[in-house]
Amino acid sequence: MTTAFAYQVRDPRGNAHSGVIDAASADDAAQQLRRDGFQIVEIKEDAEDSISLIPRRVSRTEVMYMTNQLAVMVDTGIALSAALEGIASQEENPTLKRILNELRKAVEQGDDFSAALTKHPKLFDKTYVSLIKASEATGSFGPMLDRIATYLRKELDSRGKVRAAMAYPMVMLVLGINVTIFLLTFIMPKFTPLFASKGIKLPLPTKVLMVVSDAMIHYWWAWLIGAVAVVVGFVYGRRTEAGRRAWDTIKINLPLVGPMTRKVIISRSIRTLGTMLGSGIPVLDALKLSAEVSGNWNYEQLWKNVGDRVTEGSQVCESLSGNPLFPAMLVQMISAGEQTGQLGPVLERVGGYYEQEIETSLKALTSVIEPMMITVMGAVIGTIGMAIMLPIFSLSKGGG
């Protein structure tokens with residue numbers, strides 16, 4: 001079993017270095033460092049690693065910032081291993097710090113950076129690794145890192161805009177559900193004994209809500225089991241091929257939300273395809289990666305079909321032409337890019353255009369959903385209020 005040790009050393013030139021090394025003991029760690037030609041200044045068990053029972057998650061934003069830092073340092077002529085060490089020494093996230101040190105050690109041992117990245121697939125996906133691998137073959141490592149950082153930033157921006165736009169409707173939905181539960185389980189039972197003691201004839205809405213209220217109070221466990229069953233069934237179903245296909249088909253065909261979902265998927269796919277082709281990745285590999293990042297079963301099949309037809313000698317635009325999942329205007333742009341030999345740059349420009357389209361669609365969607373949510377909440381709460389007040393009006397009339 002190995003332990004992480006934080007160290008401070010000096011190289012033969014007297015330059016100071018610091019980092020984290022995995023070893024069986026402090027002596028073993030010191031021996032490893034001395035074999036590498038370092039003079040030990042200080043070595044101790046890494047406190048951050050020892051107290052972290054649950055590894056801290058590394059976000060996509062942190063990966064993007066790390067990539068950007070690495071691009072700047074490599075562009076200025078700093079060796080990759082030294083750049084990784086420098087970033088690791090300043091990194092506050094212990095998980096990312098450990099991974100950076102592992103990458104540095106792999107590079108120092110002679111491994112390709114792309115090969116080292118494949119050991120951490122949750123942080124560095126196939127798109128990231130493929131771009132790094134292409135840069136290693138073409139000698140454009142620094143510019144490629146900058147390109148990857150830009151790609152990650154655009155992807156994060158798109159996701160952030162979608163989440164921000166959907167935050168308000170989700171808050172309204174949760175609030176509406178909680179208010180409804182409160183009215184049915186706390187307010188409604190206060191009036192039930194009153195109505196029963198007066199012996200008045202209750203209107204149908206009141207009877208229905210009294211039954212629902214009674215069921216929620218006395219059979220709350222059944223509601224809880226039902227909710228858990230629905231959630232578990234949904235999560236499990238999405239992991240099956242048939243369930244994922246059904247859910248992904250529903251998402252892109254929903255009213256209001258469906259068209260925006262399609263734009264998000266298309267934007268993600270063509271941005272990836274454009275970045276890949278512009279970086280020298282073969283078109284078949286680029287199409288395969290575009291299918292993987294689409295995140296929707298229907299579009300995955302679309303891009304796989306395009307790849308199969310391109311293998312047979314067709315052009316990308318011919319393979320996409322007439323497909324209802326793909327806008328005809330975008331097919332024309334792809335056709336123009338293929339004819340001029342500028343497909344990669346054209347797709348990257350189209351990706352930027354679609355990002356603006358997504359922002360416009362999100363604003364329009366939010367402007368429609370917000371009043372709809374308010375109307376639905378008002379109708380539900382109003383119905384409950386009416387069901388409570390109607391018998392009270394009957395009592396008042398009877399008393400009069």
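**Exercise 1.** By class, how many nonpolar, polar and charged residues does the lining of the largest pocket have?

*Solution.* The model is a predicted one. Start with the space itself: the largest pocket holds about 770 Å³. Next, take its lining, which consists of 30 residues. Sort these by class: 18 are nonpolar, five are polar and seven are charged.

**Exercise 2.** Locate the centre of the largest pocket and name the helices that supply at least two residues each to its lining.

*Solution.* Begin at the centre. Val162, Lys251, Val257, Met260 and Thr261 are the lining residues nearest to it. Then move to the helices. At least two lining residues each come from α8, α11 (241–253), α12 (257–278) and α17 (343–399). Finally, find the main contributor: α8 gives the most, with nine residues.

**Exercise 3.** Describe how helix α3 packs against helix α8.

*Solution.* Two packed helices are described by the angle between their axes and the distance between the axes.

- Step 1, distance and angle. The axes of α3 (residues 60–75) and α8 (residues 141–198) come within 8 Å and cross at roughly 155°.
- Step 2, direction. Angles over 145 degrees count as roughly antiparallel, so α3 is roughly antiparallel to α8.
- Step 3, hand. The α3 and α8 crossing is left-handed.
- Step 4, residues. On α3, the contact residues include Val63, Met64, Leu70 and Val74. On α8, they include Phe141, Leu145, Ile148 and Leu152. Arg60 and Asp75 of α3 also take part, as do Asp146, Arg153 and Glu155 of α8.
- Step 5, classes. The contact of α3 with α8 divides into twelve nonpolar, four polar and five charged residues.

Note on methods: Residues numbered from 1 in each chain as written. Predicted model: local features only at pLDDT ≥ 70, side-chain atom pairs only at ≥ 80, totals over all residues. Heavy atoms only, no water. Axes fitted to C-alpha atoms, helices over the stretch in contact; angles between N-to-C directions. Helix = DSSP H or I, 4+ residues; strand = E, 2+ residues; numbered from the N terminus. Parallel < 35°, antiparallel > 145°, perpendicular 65-115°, else oblique. Left-handed = near helix turned anticlockwise from the far one by under 90°. Contact = heavy atoms within 4.5 Å. Nonpolar A, V, L, I, M, F, W, Y, C, P; charged D, E, K, R; others polar. 1 Å grid on protein atoms, 1.4 Å probe; cavity = no way out; pocket = protein on both sides within 12 Å on 5 of 7 lines; lining within 4 Å. Points joined across faces, edges and corners; volume = space filled by probe spheres on them.
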